[in-house]
Amino acid sequence: MQVLPKGIKHIPGSLDRARQEAIVEAIRGVVSEAPLFVPEMPKTGKPMSVRMTNCGALGWVTDRDKGYRYQPQHPATGRPWPPMPDILLEIWDAVAATNKRPEACLVNFYSAEARMGLHQDRDERDLETSVVSISLGDSCLFRVGGSQRSGQTMSFRLDSGDIVVLGGEGRLAYHGVDRIYPDTSTLLKNGGRLNLTLRRVNP
Ligand SMILES: O=C(O)CCC(=O)C(=O)O
Ligand SMILES: [Mn+2]
């Protein structure tokens, strides 16, 4: 058993199949109102390999001209993000260890080739409240290190129904997704991995 960096909590098998299915159903509703979009890297405009959308009062977006930010509307439709489903608020209440409510749920969809480079979550004005991340569908290899990019990292597998909490000393830990393991879950009809990242944005 490897020891995770301080402040990183991995809760394997946290959500049973019925809850996973209920969340997928809720996210289908979100995506039908707020379609997945292709995020672009700031300045270069290089497309990221994941597709994204959000629910909650605020959503995380990025494009070439304005870079990483939170905003209350979908970048393509201009409409407000759909509300955060109750089932996600319940999970947050069970694991985030705070009285604050999450304001943003970033929905990341990974096809078999998608990945996410090593980064910190630091676009929030609140850098103290934990970040709660839910994995659904195909498994992935998740990488995590300390709060310096140059520090040592380690990787472990995340399966459907797992939760990761980045809190305390781990709030600013570098992390990313090295790869997806295709065909490792039957949860999503057409395969792929769904990650939901719940965050508090304002202090
Ligand atoms: O997909 C994941 O497990 C991590 C996603 C992530 O780190 C992010 O959206 O900031
Ligand atoms: Mn992140």
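These are questions and answers on a predicted model.

Me: What makes the pairing of the W60 and D123 side chains a polar contact?
Reply: The distance is 2.8 Å, and the cut-off for a pair of N or O atoms is 3.5 Å. D123 is also among the residues in contact with W60 beyond its neighbours within four places in sequence, as are F37, M52 and L106.

Me: How do you know that the span of helix α1 agrees with its number of residues?
Reply: Helix α1 runs over residues 17-33, which is 17 residues. At 1.5 Å a residue, α1 should span 24 Å, and its end C-alpha atoms are 25 Å apart, so the two agree.

Me: What makes the buried residues of α1 line one face of the helix?
Reply: The buried residues are Q20, I23, V24, I27 and V30. Seen down the axis of α1, they fall within an arc of 115°, so they line one face. An α-helix has 3.6 residues a turn, so residues three or four places apart point the same way. On the other side of α1, A18, E25 and S32 are exposed. The cover over the buried residues includes β2, α2, β5, β7 and β12.

Me: Which residues have the most contacts inside the largest nonpolar core?
Reply: That core has 29 residues, and those with the most contacts inside it are V50, M52, Y110, M116, F142, V144 and V177. Among the elements giving it two or more residues are β3, β5 and β11. A second, separate core has 27 residues, including I23 and L194.

Methods. Residues numbered from 1 in each chain as written. Chains lettered and ligands numbered in written order. Predicted model: local features only at pLDDT ≥ 70, side-chain atom pairs only at ≥ 80, totals over all residues. Heavy atoms only, no water. Core = buried A, V, L, I, M, F, W, Y, C linked by side-chain atoms within 4.5 Å. Buried < 20%, exposed > 50% of the residue type's maximum accessible area, 1.4 Å probe, protein only. Helix = DSSP H or I, 4+ residues; strand = E, 2+ residues; numbered from the N terminus. Contact = heavy atoms within 4.5 Å. Polar contact = N/O pair within 3.5 Å; in protein donor to acceptor, adjacent residues only side chain to side chain. Expected span 1.5 Å × (residues − 1). Arc of directions from axis to C-beta.
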